[in-house]
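Trainee: Could you pick one part of this model and take me through it slowly, with its surroundings? I'd like the cut-offs along the way.

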Amino acid sequence: MTEIDPQRTALVLVDLMERMVALPLAPRSGDEVVRTAEELARSFRKSGGTVVVVRTERPGPAEQPPGSGLLAGFAEEGDVEVVKRSVGAFHGTDLDARLRERGVRTLVLGGIATNLGVESTARAAADHGYGLVFAEDAMSALTAEEHRGAVTLDMPRLGTVTTVAELRFPA
């Protein structure tokens, strides 16, 4: 079990946007990732934790591709929304400052794609000194092999890989 201190931990969900969720993902579908991420976000909000939702805007075009917004109804009042223009959520954003002003020291990560946006965000978070927890069942990749490689080879070197069911919040 992994104990969560909601005063010092933030949930960071990467690229839960219509166009990303609709991709053919593996080992789980975008809809499965969303359901699990919603469950996890509810637990964080209920315990008073910070929920960060990250979405991508491509640099350059006057208009973003259709489906570039966050999933309708996913973000709630009080959540932190970050717009990134690179693979990870730290470069060129105020994410670090917003987390530090809330006293956050540990991040629980999920989203799409495991080995791209999620892993890139995690690597930068580690460089910023955050503790990392990976909710393996709240993420997916373009292939099962890419997901498996990230969660078995790379992410364990950066933090703890677990499932949503193994996360514990204070009663």
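Mentor: Let's start with Phe 90, which counts as buried at 7% relative accessibility (buried is under 20% relative accessible area, exposed is over 50%, and partly exposed is in between, with a 1.4 Å probe and protein chains only). Before going on, keep in mind that this is a predicted model, where local features need pLDDT of at least 70 and side-chain atom pairs count only at pLDDT 80 or more, while totals for chains, interfaces and linings use all residues. Numbering runs from 1 along each chain as its sequence is written, and side-chain values use heavy atoms, with hydrogens and water left out.

Tyr 130 is buried too, at 5% relative accessibility. To see what these residues have to do with each other, look at the aromatic pairs, of which the structure holds two. Here rings of Phe, Tyr and Trp (its six-membered ring) pair if their centres lie within 6.5 Å; planes under 30 degrees apart count as stacked, over 60 as edge-to-face and the rest as tilted. Phe 44 belongs to helix H2 (residues 30–47) and Phe 169 to the segment after strand E8 (167–168), so to speak distant parts of the chain, 125 residues apart. Helices (H or I, at least four residues) and strands (E, at least two) are DSSP runs, numbered from the N terminus. Phe 44 has 0% relative accessibility and counts as buried, whereas Phe 169, at 21%, counts as partly exposed.

The other pair brings us back to Phe 90: its ring and that of Tyr 130 have centres 6.0 Å apart and planes at 40°, so the pair is tilted. Phe 90 sits in the loop between strand E4 (80–84) and helix H3 (95–101), Tyr 130 in the loop between H4 and strand E6 (131–140), so the pair ties together parts that are 40 residues apart in sequence.

Now for the sheet. Six strands form an open sheet, ordered E4-E3-E2-E5-E6-E7, with parallel pairing; two strands pair if DSSP finds at least two bridges between them. E4 and strand E7 (160–162) are the edges, and each has a single partner strand, so one side of each is left without a neighbour in the sheet. On average, neighbouring strands of this sheet are turned by 25° against each other, direction ignored (axes are lines fitted to C-alpha atoms, for helices over the stretch in contact, and angles run from 0 to 180 degrees between N-to-C directions).

Within that order, take strand E2 (residues 9–14), which pairs with strand E5 (residues 106–112) in the parallel sense over six bridges. Val 12 is opposite Leu 109 in E5, and Val 14 is opposite Gly 111 in E5. E2 is also joined by five bridges to strand E3 (residues 50–56), again running parallel, with Ala 10 opposite Thr 50. Six of the six residues of E2 are buried, so the strand is largely enclosed by the rest of the structure. In a regular strand the side chains alternate between the two faces of the sheet. In E2, Thr 9, Leu 11 and Leu 13 point one way, Ala 10, Val 12 and Val 14 the other, and all are buried.

E5 is mostly covered as well, with six of its seven residues buried. E5 pairs with E6 over six bridges, in the parallel sense, and Leu 107 stands opposite Leu 132 in E6.

Finally, the helices. H5 lies across E6 and E7 and runs at about 170° to E6, where contact means heavy atoms within 4.5 Å. The axes of H4 (residues 114–127) and H5 (residues 144–158) come within 10 Å and cross at roughly 5°. That makes H4 roughly parallel to H5 (under 35 degrees is roughly parallel, over 145 roughly antiparallel, 65 to 115 roughly perpendicular, and the rest oblique). From H4, residues including Val 118, Ala 122 and Ala 126 meet residues of H5, among them Ala 150, Val 151 and Leu 158. By class, this contact has seven nonpolar, three polar and four charged residues; Ala, Val, Leu, Ile, Met, Phe, Trp, Tyr, Cys and Pro count as nonpolar, Asp, Glu, Lys and Arg as charged, and the others, Gly among them, as polar.
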